[in-house]
Amino acid sequence: MVFDPAMVQLLAFPEEAPATECFEVWRQRISPESVGMVRQAFADMSRTDQAVRVVFPWRHPEKGMIMLRLSGILVEETASEIRYKGYCREISQTSLSGADRVE
């Protein structure tokens, strides 16, 4: 997962942190009840070769629990690496549409 300046700012990560560390911190802050849903979204990206979107609670280091929308698509899959292209965005609970709502 590549963390551009906007992503670093959104998720309050240190700018100098390596991508593997950022991904691990990002993954660990997914609410435990949503981990399976996020894993399934990545599996769907790989399996369907189509854009996939998932909304889930995430523990922000400064704001506490926030809602994140992750959208992505498979770019390349090799024996040693899987690359996705997408974005992660903070959304408010009140802006969730019926399709995005996480109960």
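Me: Which residue in β2 stands opposite Phe56?
Reply: Phe56 stands opposite Leu68 in β2. Strands here are DSSP runs of E with at least two residues, helices are runs of H or I with at least four, and both are numbered from the N terminus.

Me: What should I know about the model before we continue?
Reply: This is a predicted model, in which local features need pLDDT of at least 70 and side-chain atom pairs count only at pLDDT 80 or more, while totals for chains, interfaces and linings use all residues. Residues are numbered from 1 along each chain as its sequence is written, and side-chain values use heavy atoms, with hydrogens and water left out.

Me: Over how many bridges do β1 and β2 pair, and in which sense?
Reply: β1 and β2 pair over 9 bridges in the antiparallel sense. Two strands count as paired if DSSP finds at least two bridges between them.

Me: What is the strand order of the open sheet?
Reply: The open sheet has 3 strands in the order β1-β2-β3, with antiparallel pairing. β1 and β3 stand at the edges with a single partner strand each, so one side of each has no neighbour in the sheet. On average, neighbouring strands of this sheet are turned by 30° against each other, direction ignored. For such angles, axes are lines fitted to C-alpha atoms, for helices over the stretch in contact, and values run from 0 to 180 degrees between N-to-C directions.

Me: Which helices lie across β1, β2 and β3?
Reply: Helix α2, residues 19-28, lies across β1, β2 and β3 and runs at about 85° to β1. α3 also lies across β1, β2 and β3, running at about 150° to β1.

Me: How many residues are in the largest nonpolar core?
Reply: The largest nonpolar core has 22 residues, and those with the most contacts inside it are Leu11, Trp26, Phe56, Trp58 and Leu68. The elements that give two or more residues to this core are α1, α2, α3, β1 and β2. A nonpolar core is a set of buried Ala, Val, Leu, Ile, Met, Phe, Trp, Tyr and Cys residues joined through side-chain atoms within 4.5 Å.

Me: What does Trp58 touch?
Reply: Not counting residues up to four places away in sequence, Trp58 touches Leu11, Phe13, Trp26, Arg29, Ile30, Gly64, Met65, Ile66 and Leu68. Contact means heavy atoms within 4.5 Å.

Me: Is Ser71 buried or exposed?
Reply: Ser71 is buried, with a relative accessible area of 14%. Buried means under 20% relative accessible area, exposed over 50% and partly exposed in between, with a 1.4 Å probe and protein chains only. Ser71 lies in strand β2 and, leaving aside its neighbours within four places in sequence, is in contact with Val52, Arg53, Lys85, Gly86 and Tyr87.

Me: Changing topic, how many salt bridges does the structure hold?
Reply: The structure holds 4 salt bridges. A salt bridge is a side-chain nitrogen of Lys or Arg within 4 Å of a carboxyl oxygen of Asp or Glu.

Me: Which residue meets Asp44 in a salt bridge?
Reply: The side chains of Asp44 and Arg47 meet in a salt bridge at 2.9 Å, N to O. Because Asp44 and Arg47 are 3 residues apart in helix α3, about one helical turn separates them. Asp44 is buried at 18% relative accessible area, whereas Arg47 is exposed at 62%.

Me: And what else does Asp44 touch?
Reply: Asp44, which lies in helix α3 (residues 35-48), touches Asp49 and Val52, not counting residues up to four places away in sequence.

Me: Where do Glu90 and Lys63 lie?
Reply: The side chains of Glu90 and Lys63 meet in a salt bridge, 2.8 Å from N to O. Glu90 lies in strand β3 (residues 82-91) and Lys63 in the loop between β1 (52-60) and β2, so the pair ties together parts that are 27 residues apart in sequence. Glu90 is partly exposed, with a relative accessible area of 28%.

Me: With which residue does Arg83 form a salt bridge?
Reply: Arg83 forms a salt bridge with Glu76, and their closest N and O atoms are 3.1 Å apart. Arg83 is partly exposed at 40% relative accessible area, and Glu76 is partly exposed at 35%.

Me: How far apart are Glu77 and Ser46 in space?
Reply: Glu77 and Ser46 are 8.2 Å apart, C-alpha to C-alpha, and 31 residues apart in sequence. Glu77 is in strand β2 (residues 64-77) and counts as partly exposed at 47% relative accessibility.
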